[in-house]
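Colleague: I have a new model open and would like to learn how to read it feature by feature. Please take me through it.

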Amino acid sequence: MKGEFHTPSLGDFFPDPIWFHDVAGGWFTLDRLMVVRLFVVLLVALLFALAFRNPKLVPGKLQNAAEMVLDFVRTGVAEDILGKREGKRFLPLITATFVLVFFLNLPSIIPFLNVSPNARIGMPFVLAIVGYIAFIYAGSRKYGFFKFMKSSVVIPNMPAAMHIIVVPIEFISTFILRPVTLTIRLMANMLSGHLILALVFAATDFFFWQFNGWTVLSAVTLVASVLFTLFELLVIFLQAYIFALLVAVYTDLSLHAGEH
């Protein structure tokens with residue numbers, strides 16, 4: 001039962017370029033994670049296009065699954081936070097956010113992929129910027145840009161001297177920390193999940209090969225690996241739900257920026 005043990009590598013997050021690494025100074029480089037991102041986006045678009053290409057009163061399995069996702073986001077996120085009118089208006093954005101985050105998280109537990117594209121900061125940052133633009137648009141459309149900005153950072157009925165302190169804090173909290181925390185929360189959770197899974201599976205590999213397969217530690221770490229994989233599946237769903245929920249919450253706050 002002798003074998004070779006391979007330690008986990010950070011190369012998962014910085015894989016070698018595959019295509020276009022010499023185009024425009026590397027701006028369009030495609031590595032393994034970028035290929036997975038593009039594949040997931042195309043797969044999601046294709047699945048929903050096929051599901052609703054010819055919708056029927058009695059839905060098939062694919063249409064039924066897509067409708068369940070839409071209904072969950074509509075009732076559990078959009079309408080619950082924004083109300084029926086605004087929830088319907090922003091439903092496409094919130095649904096796309098939820099579905100993309102969920103499917104981009106899934107590769108972390110898929111064999112031979114084993115790492116989520118969201119464990120590297122690029123995709124979480126793009127998704128956070130989309131949510132950032134959405135809540136600024138929502139507030140600007142309702143109040144006008146400058147009134148929205150003023151309503152977001154200026155708290156009424158406060159002593160004038162306090163505005164010197166409060167206005168910068170509100171501005172940083174609303175317009176800087178929101179996209180930053182959205183990005184870091186998603187990336188950090190998927191990164192830490194990958195590291196934990198890599199460690200427990202590496203421990204199984206180590207104990208099995210180095211101790212000729214008879215040690216009970218390899219069985220213990222194998223069970224732990226399976227349990228952590230199931231836990232990671234729960235985290236995958238929760239991170240998608242939390243990300244979509246926060247986009248809805250920030251949009252709702254923008255729509256009510258004038259109500260203090």
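This is a predicted model: local features need pLDDT of at least 70, side-chain atom pairs count only at pLDDT 80 or more; totals for chains, interfaces and linings use all residues.

Colleague: Where does glutamate 232 lie, and what does it touch?

Modeller: Glutamate 232 belongs to helix 6. A contact means heavy atoms within 4.5 Å. Leaving aside residues up to four places away in sequence, glutamate 232 touches Ser108, Ile109, Met190, Gly193, His194 and Leu197.

Colleague: Stepping back, how many helices and strands does the protein chain have?

Modeller: Helices (H or I, at least four residues) and strands (E, at least two) are DSSP runs, numbered from the N terminus. The protein chain has six helices and zero strands, so you can read its elements from the N terminus on as α-α-α-α-α-α. Of its 260 residues, 36% are buried. Among contacts with a separation of 6 or more, 66% join residues 24 or more positions apart.

Colleague: How do I read two helices that pack together?

Modeller: Two packed helices are described by the angle between their axes and the distance between the axes. The axes are lines fitted to C-alpha atoms, for helices over the stretch in contact, and the angles run from 0 to 180 degrees between N-to-C directions. Under 35 degrees counts as roughly parallel, over 145 as roughly antiparallel, 65 to 115 as roughly perpendicular, and the rest as oblique.

Colleague: At what angle do helix 1 and helix 2 cross, then?

Modeller: The axes of helix 1 (residues 32-51) and helix 2 cross at roughly 75° and come within 8 Å. That makes the two helices roughly perpendicular. On the helix 1 side, the residues include Val40, Val44 and Phe48, which meet a set in helix 2 that includes Ala66, Val69 and Phe103. By class (Ala, Val, Leu, Ile, Met, Phe, Trp, Tyr, Cys and Pro nonpolar; Asp, Glu, Lys and Arg charged; the others, Gly among them, polar), this contact has 14 nonpolar, one polar and one charged residues.

Colleague: How are helix 2 and helix 3 oriented to each other?

Modeller: Helix 2 (residues 61-105) and helix 3 (residues 122-143) have axes that cross at roughly 170° and come within 11 Å. These two helices are therefore roughly antiparallel. Helix 2 contributes residues including Phe90, Leu93 and Val101, and helix 3 contributes residues including Leu127, Val130 and Tyr137. Here the classes are 11 nonpolar, no polar and two charged residues.

Colleague: Back in helix 1, is leucine 33 buried or exposed?

Modeller: Leucine 33, found in helix 1, has a relative accessible area of 1%, so this residue is buried. Between the C-alpha atoms of leucine 33 and serine 116 there are 7.9 Å in space, although the residues are 83 apart in sequence.

Colleague: Last one: what does threonine 174 touch?

Modeller: Setting aside residues up to four places away in sequence, threonine 174 touches Phe135 and Ser152. Threonine 174 sits in helix 5 and is buried, with a relative accessible area of 7%. Valine 153 is 21 residues away from threonine 174 in sequence, and 7.9 Å away C-alpha to C-alpha.

How values were computed
Residues are numbered from 1 along each chain as its sequence is written. Side-chain values use heavy atoms; hydrogens and water are left out. Buried means under 20% relative accessible area, exposed over 50%, partly exposed in between (1.4 Å probe, protein chains only).
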